[in-house]
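Student: I have a model open and want to learn how to read it. Where do we start?

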Amino acid sequence: MRYWLMKSEPYEFSIDDFAALPQQTVAWQGVRNYQSRNFMHHQMSVGDQAFFYHSCCKDPGIRGIAIISKLAYPDATQFDPSSKYFDAKATRDSPRWFNVDITLQKKTRLVAIKELRQYPELQRMRALQTGNRLSITPVDPFEWQFILGIL
């Protein structure tokens, strides 16, 4: 099992939006960074767990826990000319972008980035590194357990 941190802007898709979905499951669409895409396409497995993280907002931080519930498959938004995620170079025979489905396990209290940064145990956490802008990052099993302990 692997652990992940998956970022979403709450004005686009918030933890409350997630909780309101039927079966609380969503396709994690719109990722347009090759490294994040590769995490989904090549490394994520059904049963992996992820922290759901609000980014680009007043109080960024962890807001919930989700589970990977479907393996990577082509992101349909790349084929839709009306989507802001449309990619004219993508074809159905040769898709460029993939997504996984995730299912909400539970909402959590806000664990703000400021709080996460205060723990020396998390100083190497990839999502907390200066300049990190990836929407999906791996989380070390020790970091995962540590964060669960402060939730």
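Student: In what order do the six strands form the open sheet?

Tutor: A word on the source first. This is a predicted model, where local features need pLDDT of at least 70, side-chain atom pairs count only at pLDDT 80 or more, and totals for chains, interfaces and linings use all residues. Residues are numbered from 1 along each chain as its sequence is written, and side-chain values use heavy atoms, with hydrogens and water left out. Now the general idea: strands of a sheet pair through backbone hydrogen bonds, either parallel or antiparallel. Here the order is β2-β5-β4-β3-β1-β6, with mixed pairing. Strands (E, at least two residues) and helices (H or I, at least four) are DSSP runs, numbered from the N terminus. Two strands pair if DSSP finds at least two bridges between them.

Student: Which are the edge strands?

Tutor: β2 and β6, each pairing on one side only. On average, neighbouring strands of the sheet are turned by 35° against each other, direction ignored. Axes for such angles are lines fitted to C-alpha atoms, for helices over the stretch in contact; angles run from 0 to 180 degrees between N-to-C directions.

Student: How many bridges join β2 to β5?

Tutor: Three, and the two strands run antiparallel. On to β4 (residues 61-74): its antiparallel pairing with β5 has ten bridges. There G64 stands opposite K107 in β5. β3 and β4 are antiparallel too, joined by six bridges, and Q49 stands opposite I67 in β4.

Student: What packs on the sheet?

Tutor: Helix α4 (residues 141-150) does, touching β1, β3, β4, β5 and β6. Contact means heavy atoms within 4.5 Å. The direction of α4 makes about 60° with that of β3.

Student: Which residues of α4 are buried?

Tutor: E143, W144, F146, I147 and I150. Buried means under 20% relative accessible area, exposed over 50%, partly exposed in between (1.4 Å probe, protein chains only). Seen down the axis of α4, the buried residues fall within an arc of 165°, so they line one face of the helix. That arc is taken from the directions from the helix axis to the C-beta atoms. Their cover includes α3 and β6. Check the N-terminal end as well: D140 caps α4, with a side-chain oxygen 2.8 Å from the backbone nitrogen of F142.

Student: How many residues has the largest nonpolar core?

Tutor: A nonpolar core is a set of buried Ala, Val, Leu, Ile, Met, Phe, Trp, Tyr and Cys residues joined through side-chain atoms within 4.5 Å. The largest has 20 residues; among those with the most contacts inside it are F18, W28 and I102. β5 gives the most to this core, with three residues. Another core, of 19 residues, lies apart from it and includes I113 and L122.

Student: Is D75 buried or exposed?

Tutor: Buried, at a relative accessible area of 0%. D75 sits in the loop between β4 and β5. Its side chain makes a polar contact of 2.6 Å with that of T77. A polar contact is a pair of N or O atoms within 3.5 Å; within protein, one must be able to donate a hydrogen and the other to accept it, and residues adjacent in sequence count only if both atoms are side-chain atoms. Not counting residues up to four places away in sequence, D75 touches residues including Q29, R32 and W97.
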